[in-house]
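Hi,

Here is the structure we talked about. My notes on it follow below.

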Amino acid sequence: IKKMNSPRNAFSYQPLSKSSRGGFETRLIYLHPGGFNDCIYCTIYHANILEKQPQTEYTALSYVWGDATQTQSIQLGYHQLPTITTNLERALRHLRDRTSERILWVDAICINQSDWEERLSQVEQMSSVYEKAVEVRIWLG
């Protein structure tokens, strides 16, 4: 597992490893604890979801993206990620625990939306992402 925290201003996705024998690498996030109105703070890391490790036990979030012109910022490591929709930001607020972190897979954050090749590769594996999750939460808004 590789944590991606860098003190630079702009968030930059680190490339995912190509599929290896019996493996599938994706990104997961730690949604750090906080009160409902606190800033959303996450840490992102790479994980092979087919491995049975505590760091790969995650909740997958299925949600309605909502209006793409209505966005909110969240803190992702040392960076602001300004590209999530207001509906996703609300979902994260409702999923966040007050005292402990949660491990989540959220497509808009865990997939580099600017990299078409990665998007296609990750979308092809989405059924595995949902199948391997310990829980799938649905957020309609």
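The largest pocket has a volume of about 240 Å³. A pocket here is an open set of points on a 1 Å grid over the protein atoms alone, where a 1.4 Å probe fits, with protein on both sides within 12 Å along at least five of seven lines. Grid points are joined across faces, edges and corners, and the volume is the space filled by probe spheres set on them. This is a predicted model: local features need pLDDT of at least 70, side-chain atom pairs count only at pLDDT 80 or more, and totals for chains, interfaces and linings use all residues. Numbering runs from 1 along each chain as its sequence is written, and side-chain values use heavy atoms, with hydrogens and water left out.

Back to the largest pocket. Its lining has 14 residues (an atom within 4 Å of a point). L16, S17, K18, E118 and S121 lie nearest the centre. Helix α3 (residues 116-124) gives the most to this lining, with five residues. By class, the lining splits into three nonpolar, five polar and six charged. Ala, Val, Leu, Ile, Met, Phe, Trp, Tyr, Cys and Pro count as nonpolar, Asp, Glu, Lys and Arg as charged, and the others, Gly among them, as polar.

The second largest pocket has a volume of about 160 Å³. Its lining includes F11, Y13, W65 and N112. Six of its lining residues are nonpolar, four are polar and none is charged.

Now the rings. The structure holds four aromatic pairs. Rings of Phe, Tyr and Trp (its six-membered ring) pair if their centres lie within 6.5 Å; planes under 30 degrees apart are stacked, over 60 edge-to-face, the rest tilted. One of the pairs is W105 with Y130, edge-to-face, at 5.6 Å centre to centre and 80 degrees between the planes. W105 sits in strand β7 (residues 102-105) and Y130 in helix α4 (residues 126-132), 25 residues apart. W105 is buried, at 0% relative accessible area. Y130 is partly exposed, at 25%. The cut-offs are under 20% for buried, over 50% for exposed and in between for partly exposed (1.4 Å probe, protein chains only).

R119 lies over the face of W116, 4.2 Å from the ring centre. The test is NZ of Lys or CZ of Arg within 6 Å of the ring centre and within 35 degrees of the ring normal.

Overall, the chain has four helices and eight strands. These are DSSP runs, numbered from the N terminus: helices are H or I, at least four residues, and strands E, at least two.

Best wishes
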